[in-house]
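Please look at how helices pack against each other in the structure below. Two packed helices are described by the angle between their axes and the distance between the axes.

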Amino acid sequence: MIFSTLEHILTHISFSIVSIVITIHLITFLVDEIIKLYDSSEKGMIMTFFCITGLLVTRWIYSGHFPLSNLYESLIFLSWSFSLIHIVPYFKKNQNFLSAIIGPSAIFTQGFATSGLLTEIHESAILVPALQSEWLIMHVSMMILGYAALLCGSLLSVALLVRKNRKFFFTSNHLLNLNGSFFFGEIEYMNERINVLQNTSFFSPKNYYRSQFIQQLDYWSYRVISLGFIFLTIGILSGAVWANEAWGSYWSWDPKETWAFITWIVFAIYLHIRTNIKWKGINSAIVASIGFLIIWICYFGVNLLGIGLHSYGSFTLTSN
Amino acid sequence: MKIMNISHRHSVIPSKFQNHNIKNVFKFKTRNSFPHSFLICASHSHKNGSTFTISCKLKTSKNDIDKKSMDKSLQTKIVVPELDGAPSLSRAEEERGSGAPVKPPPLSSKKNVLGLLKGLPRRILAVLSNLPLAIAEMFVVAALMALGTIIDQGEAPGYYFQKYPEDNPVLGFFTWRWVLTLGFDRMFSSPVFLGTLALLGASLMACTYTTQIPVLKVAKRWSFLYSTEAIRRQEYSDTLPRASLQDLGIILMGAGYEVFLKGPSLYAFRGLAGRFAPIGVHLALLLVMAGGALSATGSYKGSVTVPQGLNFVIGDVLGPSGFLSTPSESFNTEVHVNRFYMDYYDSGEVSQFHSDLSLFDFNGKEVMRKTISVNDPLRYGGITIYQTDWSLSALQITKDDEGPFNLAMAPLKINGDKKLYGTFLPVGDADSPDVKGISMLARDLQSIVLYDQEGKFAGVRRPNSKLPIDIDGFKIVVVDAIGSTGLDLKTDPGVPIVYAGFGALMLTTCISFLSHSQIWALQDGTTVVIGGKTNRAKGEFPEETNQLLDQVPEIVESTSSTQSNNLSG
């Protein structure tokens, strides 16, 4: 009882903090630079991280197994991964892009997880026999970390595309513009603001910032995707080893497996396109954006259809 | 070369700038006010839209300042061409090494058939190692796999006639003819899919051979640069006045670089493994593919449902999967199911399935005994036995203290596919046309639901409880519920190869994240000219290197260096 209350409290705290962080982002975006506010949004993300960590640990303690057995838990873990990427020191210097991407991503995943859509699966389910393995922690956490990093990276690429084709988006696609402008406008604003801060007295042709900004987006999207690709590889392979223990075959072309493989191939294509200097930038960004859609198909589409071996909502001990 | 009297670092612009006769000089108070690298200038839009910028920290001695030109040059916008046109041979090689296809050397001039035949493999190699082709292949593989999850797999042809009718094709053209002709009803074993995979494998091999292996050879050529020109041509370059190469070397070593010093020049690198790891990734993928092919052609598979207490011979269950499948001696082993049982959660749901198995060899000697469960298979002589399924085979009951009788249970499919088993105990004349009796239903081994002759609910009994139930005047005791265990068996000679591939793939993918950074430096009088580049972490490299260079101590007393006179550049 105490656990579920604690969990409830933590969920709400983390959700509220992320909302506040986004509001702060919005304020700094609309109104002028307020450094204190920006600072507090950083602290907010760190607090969110600890809240979600607390939430996961609570769930772990009272359910007795690693909290990654259903979609709700995996969504919480996904938003935990987002906030983890946020506080990783490696990306610290370039937080302005990433926090603009990560904040909204985290709130969307968490909002979706806690919203009414999925109330039935909130309850920590019992662990079906096939999931009772040490591989669960390795496989699922790696997959979701991979998804989180790849989502961040491909969102940066989407931002690049939007930025490059701004006129196109403005004139031809108002709907997309509405969705995109907040995100990308914000990132762009952050970047320009920092540049302006550094070079106030210097000649500043707008074109230069724009290209510099696009280059930065391109580069960081590449680095984050490379990192995500490592996690995805480890996740898929550990999943295959686990499947060989539990189902009797390391690869059985189950829909979820297949889509994970498709995701892997798409990002492999991305990495190969990056090796060719002529295709860098816009071409690789298009591939990464395709990858963004495919991750969602892989992560949600297959789960919601509830087909195949990975449908743990209705999983009863059956093979193929 | 005069020694300049400056307190801070002097900027270096890649040599191409020098043609532009740049004299723009900027004065800044301190470097610290610009924590990030300060960008002088300008970007140049290439035809494909990509841009390149140069960063440099500028501070030049007063001697060099041409005050007249200063105002002018401040407005000068420097146009920097992209660096990939740099003439250095090793650079061009390296660019290719990072994935772009290498054109094969021109074919021999012999115009006889033999020459053509000799040239053919090369030409095929060149085509296969073409990067756009490989990317297209990957796209096709991904698309086919996606299609394979959209089209229901493994159904009878009639299903596809109905689902993709000719008079109402999907997307205007996709009918069952497509599905059946191309074998998309069994996508993952269809020739189209396997062919594309094989082609991708061939591309992998060709690319590894023609593009990646040469990188290894090029590695030998990376060495000292003896001209400041060449060093300044690097993506990153800087100049340290009043510094010594030795100090720089020590600091680079501290940062994890391998440092080589030879006379006035220094070469250092870090993360070399990151450059070679992609080769490993490709080889590991080939290993996985080879293992997968062996699995597909050389394994045996089978599944069996055995009631508790019965036996089966492994060889009777297994069926070969391909032409490479060869039976082994352990196929004669007999498996006896000593016991099948389940664990339950408090809520009544199944938590785990267990089968206690004994293996007997040809002579009837027990060679192994193990209780298997899901995630904990039994391995013996290359054969793996998995717990995958279960069912109820029989109910043992006594009727009016007679018996016990074994009633066979049949699976019932009433509400979806949840497990439900039923059996029937006839009452009265079993041969009459409308025989009536007591029905018993069970979802698991825990509880049996009994219904009387009218079909009304009579009660629930647990096996082993020995609690009798009175139905229509009969005293029924459910003695036991006998389960059968569903086992999957397989031999797979491909698994060790695939696992080796997996391990290598994980390792090499991780290593591939490393960035191969190289730094060259040349002592030029008391000035050290430094140039460097990296292949992946292009964003962090200048910043990290700046931090390292900041640590290089400044030599206060200017010692006249003998080396400077020998320099060519």
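In chain A, helix H3 (residues 71-87) packs against helix H5 (residues 135-164) at an angle of about 55 degrees, and their axes lie 9 Å apart. H3(A) is therefore oblique to H5(A), since angles under 35 degrees count as roughly parallel, over 145 as roughly antiparallel, 65 to 115 as roughly perpendicular and the rest as oblique. This is a predicted model, in which local features need pLDDT of at least 70, side-chain atom pairs count only at pLDDT 80 or more, and totals for chains, interfaces and linings use all residues. Residues are numbered from 1 along each chain as its sequence is written, while chains are lettered from A and ligands numbered from 1 in the order in which they are written.

**H3(A) with H5(A)**
- Among the residues in contact (C-beta atoms, placed from the backbone, within 7 Å) are Phe77(A) and Phe82(A) of H3(A) and Ile144(A) and Cys152(A) of H5(A).
- The residues of this contact divide into 11 nonpolar, 3 polar and no charged.

**H9(A) with H5(B)**
- The axes of helix H9 (residues 255-275) of chain A and helix H5 (residues 131-150) of chain B come within 9 Å and cross at roughly 160 degrees, so H9(A) and H5(B) are roughly antiparallel to each other.
- H9(A) passes H5(B) in a left-handed crossing, and the contact residues include Trp259(A) and Ile262(A) of H9(A) and Met138(B) and Phe139(B) of H5(B).
- By class, this contact has 18 nonpolar, 4 polar and no charged residues.

Note on methods. Axes fitted to C-alpha atoms, helices over the stretch in contact; angles between N-to-C directions. Helix = DSSP H or I, 4+ residues; strand = E, 2+ residues; numbered from the N terminus. Contact = placed C-beta atoms within 7 Å. Nonpolar A, V, L, I, M, F, W, Y, C, P; charged D, E, K, R; others polar. Left-handed = near helix turned anticlockwise from the far one by under 90°.
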